[in-house]
Amino acid sequence: MIHPGVQQILASVIDAVEREIAPAVEDEYAASLCRTVAQMLRAVRVRVDAEPRALAEDNAELRGLLAGWGDDLPRHVRHQVAEAVAREPEPRYPALPELQEDALRLRAALVSVIDAVPQEDHPVRVAARRYLRRQLEREQAWQQDAFTGPRR
Amino acid sequence: MSGRLDDAGFVGRWFRHRAARLGPGVVDVRVHAVRRLSRGVSRQTWSVSTEVREETGRWSGREFIVRRDHADGGIVPTPLRTEYETYRRLNGSPVPTATALWFEDDPRWEPDGRPAYVRTKVEGDWRLPFIADESPEQDRARIAASKEHLDKLALVHTLDWEGLGFGELFPVPSSPADCAENLIRAALARLADFQFEPNPVLAETISWLRARAPRDCPRITLCKGNNGHGEEVWSGGRIVAMSDWELAALGDPAYDFAQVQEMIPEIHRDGRRIWGLPEALAYYRERTGIEVTVERVEFYRMFYGVLQFLYSHHAAALARRRDPVALRFMWTATEVSFRSQLRLARVFGVDLMKEAIA
């Protein structure tokens, strides 16, 4: 499942804490913690969304500054600066919304393939099932394993 | 005129306006308390404590139940009206249920501005503390309760569903052989109303289920859907009300056996099984003359993953429309939805399910 995503999930958690749980809490300290929880989650919600881009921009700006200073810097820090500038990580993944759109297109195509190839033992269907296993295994970490203990 | 369901004053005015619907001879009502019951997550259930006055002038205590969707909607994509109409059609039949009193869709009286229906409250308890007790002393009680449950399922399955109008509520199979395929068609048609994301796991499973859909069902019956421990009201060792008809359908009675919760315990003594699914099916066949095979029950157990996907995807669809959505909807849309896919994947041989939800 692509949706609901992190933003929607956190919005629901914040809403439950503020609208349903906090008003029913009588202990003053516990009520105070409810307010902290909601605000922390607001920060997490924005951070999840904004941090990768902010850090990428920040790193690019700082890398440019450090690289530009070069020989103007005192000799004993030049090596550390040059090494830090050189170790730029490879850009690896597109942004999450682009990945999600891509996944929806690809999965819709796979549904069409399954519907169009009715023989279960056809190599296409066999390979599709192997892929589906791996897809579920990849999602399992946050969709199943992260949940522990009573939910209700 | 509309007011809040947690406002006993408003509920008092509402019930007085509908006093004639509260029961034969009721002319007035006083509402003492309204409280939300925590049990059940798919819809809201509220209890209303009252005193009613009959034409004789005598006041007596009586409780009612109000059912409605959550503000965000219902998790199970069965309309509230269908649930009400199911009760209404069952009233007066041999199947014990609460009495459906009225469906409130007059905007002046809908609590919190959304539809609700009112039914009687049947006294009893949904808990059977001994049903999971595996000590030999409980064997007799467990088997007796299991038989009582089977007797009540037999009543459901032998109803004249056509005469009672259930063909107007649920998709009707074209023949007994069509029962499984009809259920698959109905689930996919319902899903098409709100599906927002392609799901290859579901597509692969549907292909497998269609290839294995049983065609040896002997007759079309009304089926209750989820049933068993936690779904019915018990009193004095008897089921006095069968509740929760959200997954009711017309189809193969094996559909119900696949959804029995705890009420067909496997009991082994001295190396011999003295009670379990085969014995329960034999007992049921004696009562009804209907042959239900273990193979068909297994098929509908596999099919249950489709129902779970249906309602968890419905919760996810509601979550897309409302921001924020109630947290229980969000949980259903995430963990429960993923688990439905794990259940579906079992059908085609991929078993990644770990522990049951606590």
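In chain B of this predicted model, 68% of the contacts between residues at least 6 apart in sequence join residues at least 24 apart. A contact means heavy atoms within 4.5 Å. For chain A, the corresponding share is 47%.

A word on the conventions. Residues are numbered from 1 along each chain as its sequence is written, and chains are lettered from A in the order in which they are written. Local features need pLDDT of at least 70, side-chain atom pairs count only at pLDDT 80 or more, and totals for chains, interfaces and linings use all residues, while side-chain values use heavy atoms, with hydrogens and water left out.

Stay with chain B. Its secondary structure comes to nine helices and 13 strands. Helices (H or I, at least four residues) and strands (E, at least two) are DSSP runs, numbered from the N terminus. The C-alpha trace of chain B spans about 60 × 50 × 40 Å along its principal axes. Its radius of gyration is 21 Å, which agrees with the value near 21 Å for a compact globule of 358 residues. That radius is taken over C-alpha atoms, and the globule rule is 2.2 Å times the number of residues to the power 0.38. Of the 358 residues, 59% are buried. Buried means under 20% relative accessible area, exposed over 50%, partly exposed in between (1.4 Å probe, protein chains only).

Now turn to chain A. It has five helices and zero strands. From the N terminus on, the order is α-α-α-α-α. The radius of gyration of chain A is 24 Å, well over the 15 Å that the globule rule gives for 152 residues, so the chain is more spread out than a compact globule. Its C-alpha atoms fill a box of roughly 70 × 60 × 25 Å, taken along the principal axes. Buried residues make up 27% of the 152 in chain A.

Where do the two chains come together around α5(B)? Helix α5 of chain B covers residues 200-212. It has 13 residues and reaches 19 Å from its first C-alpha to its last, close to the 18 Å expected at 1.5 Å a residue. That expected span is 1.5 Å times one less than the number of residues. In α5(B), 10 of the 13 residues are buried, so the helix is largely enclosed by the rest of the structure. Among them are B:P200, B:L202, B:I206 and B:W208. The buried residues of α5(B) pack against α4 (96-116) and α5 (123-145) of chain A. From chain B, they also pack against α4 (179-192), α8 (294-321) and α9 (327-347).
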